[in-house]
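Try each task before you read its solution.

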Amino acid sequence: MTESGSLSTVFFSLFFPLSPGAAGVLVGHPFDTVKVRLQVQSVDKPLYRGTYHCFQSIIRQESVFGLYKGIGSPMMGLTFINAIVFGVQGNTMRLLGVDTPANQFFAGAAAGAIQCVICCPMELAKTRMQMQGTGEKKSTRKLYKNSLDCLARIYNREGLRGVNRGMVTTLIRETPGFGVYFLSYDVLTRSLGCEPDDRFMIPKLLFAGGMAGIASWLSTYPVDVIKSRLQADGVGGVNQYSSIADCVRQSVRREGYMVFTRGLTSTLLRAFPVNAATFATVTLILMYARGVEVGPKDCEPVQPSHHAQIQQQAQPSSL
């Protein structure tokens, strides 16, 4: 990859995600709120019977804005996470030298692990905000004014350890999850034959991106349930879980192994359209940008191996 190609990758990873990425957050956040509510609700006094009932209840009790609680956190972290993921994944692929499915997995895993530095505090604030004022249209007691206030208050009470609550589970989720994400996208685009001059290229990219998102979530979803419970724990001042193992033990003992599928429906409903749009849009924009720099004619790939071009720029979402 040329130096100019590398610079274009960094440029678009910083600024371009604000369009498809922000749109993805706006469309997908209500599903994420439903997912979190279902994951952490009490088994003794459940508020929601399922995905649809949860949607209905939140809108009826808290208005449509209830579905968007905590959206400030992912919006703020969007550019930073995409910049880290693009940079780490692209540089790892260059270091590995050969564009293979296995290398795509390792590069994606490296990107997933490093972006946890931003992702974990961001999701902590998001989860706390999503749980605040459950069932209330106007909360009488607001613990947090917004996402930044949430992190500031947690830091003042618990220090850095509190801000990074759930870091281990985030690492366990994101590292293999991003690996599966890039691997799935790579395998699918190779199998479907996503050539630049193929008139069905965009539908193929959309399908590959959507299925990659679903595969990624399915591969690590049980860990996400535990992460959500740990990050929501202690909101009322009392910690229910002493560790990851304790959270797993208590959850399985009280709810059985099906606890690890809580909120899965809303997650998959969000995963396909959001990741389809994000993967396809970012891939096409980056290909176009490099085409302008190098100056190919019509739909010629910029480099001999167009797959190295498409796969290295695959864009992950939004755990």
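**Exercise 1.** Which residues does Leu26 touch, not counting residues up to four places away in sequence?

*Solution.* Before starting, note that this is a predicted model, in which local features need pLDDT of at least 70 and side-chain atom pairs count only at pLDDT 80 or more, while totals for chains, interfaces and linings use all residues. Residues are numbered from 1 along each chain as its sequence is written, and side-chain values use heavy atoms, with hydrogens and water left out.

Step 1: look for contacts, meaning heavy atoms within 4.5 Å. Leu26 touches Tyr68, Ile71 and Met75.
Step 2: Leu26 and Ile71 are 45 residues apart along the chain, with their C-alpha atoms separated by 7.9 Å.
Step 3: classify the exposure. Leu26 is partly exposed because its relative accessibility is 43%; buried means under 20% relative accessible area, exposed over 50% and partly exposed in between, with a 1.4 Å probe and protein chains only.

**Exercise 2.** Is Cys54 buried or exposed, and with which residues is it in contact beyond its neighbours within four places in sequence?

*Solution.* Step 1: go to helix H3 (residues 51-62), where Cys54 sits.
Step 1: read its accessibility. Cys54 has 0% and therefore counts as buried.
Step 2: list the partners, which are Val34, Arg37, Leu38 and Tyr48. For Val34, the separation from Cys54 is 20 residues in sequence and 6.2 Å from C-alpha to C-alpha.
Step 3: move on to Ser63, in the loop between H3 and H4. Its phi is near 75 degrees, a positive value in a residue other than glycine. Ser63 is buried, because its relative accessible area is 18%.

**Exercise 3.** How do H4 and H5 cross, and what kinds of residues make up their contact?

*Solution.* Step 1: compare the axes, which are lines fitted to C-alpha atoms, for helices over the stretch in contact, with angles from 0 to 180 degrees between N-to-C directions. Those of H4 (residues 72-96) and H5 (residues 101-114) come within 8 Å and cross at roughly 145 degrees.
Step 1: identify the residues. Val85, Val88 and Met93 are among those that H4 contributes, and H5 brings residues including Phe106, Ala110 and Ile114.
Step 2: sort the contact of H4 with H5, which gives ten nonpolar, five polar and no charged residues. Here Ala, Val, Leu, Ile, Met, Phe, Trp, Tyr, Cys and Pro count as nonpolar, Asp, Glu, Lys and Arg as charged, and the others, Gly among them, as polar.

**Exercise 4.** How many nonpolar, polar and charged residues are in the contact of H5 with H8?

*Solution.* Step 1: find the axes of H5 and H8 (residues 167-192), which come within 7 Å and cross at roughly 145 degrees.
Step 1: pick out the residues. Phe105, Gly108 and Gly112 are among those from H5, and H8 supplies others, including Phe178, Phe182 and Arg190.
Step 2: sort the contact of H5 with H8 into eleven nonpolar, five polar and three charged residues.
Step 3: look at Phe105 again, which counts as partly exposed because its relative accessibility is 25%.

Definitions and conventions
Helices (H or I, at least four residues) and strands (E, at least two) are DSSP runs, numbered from the N terminus.
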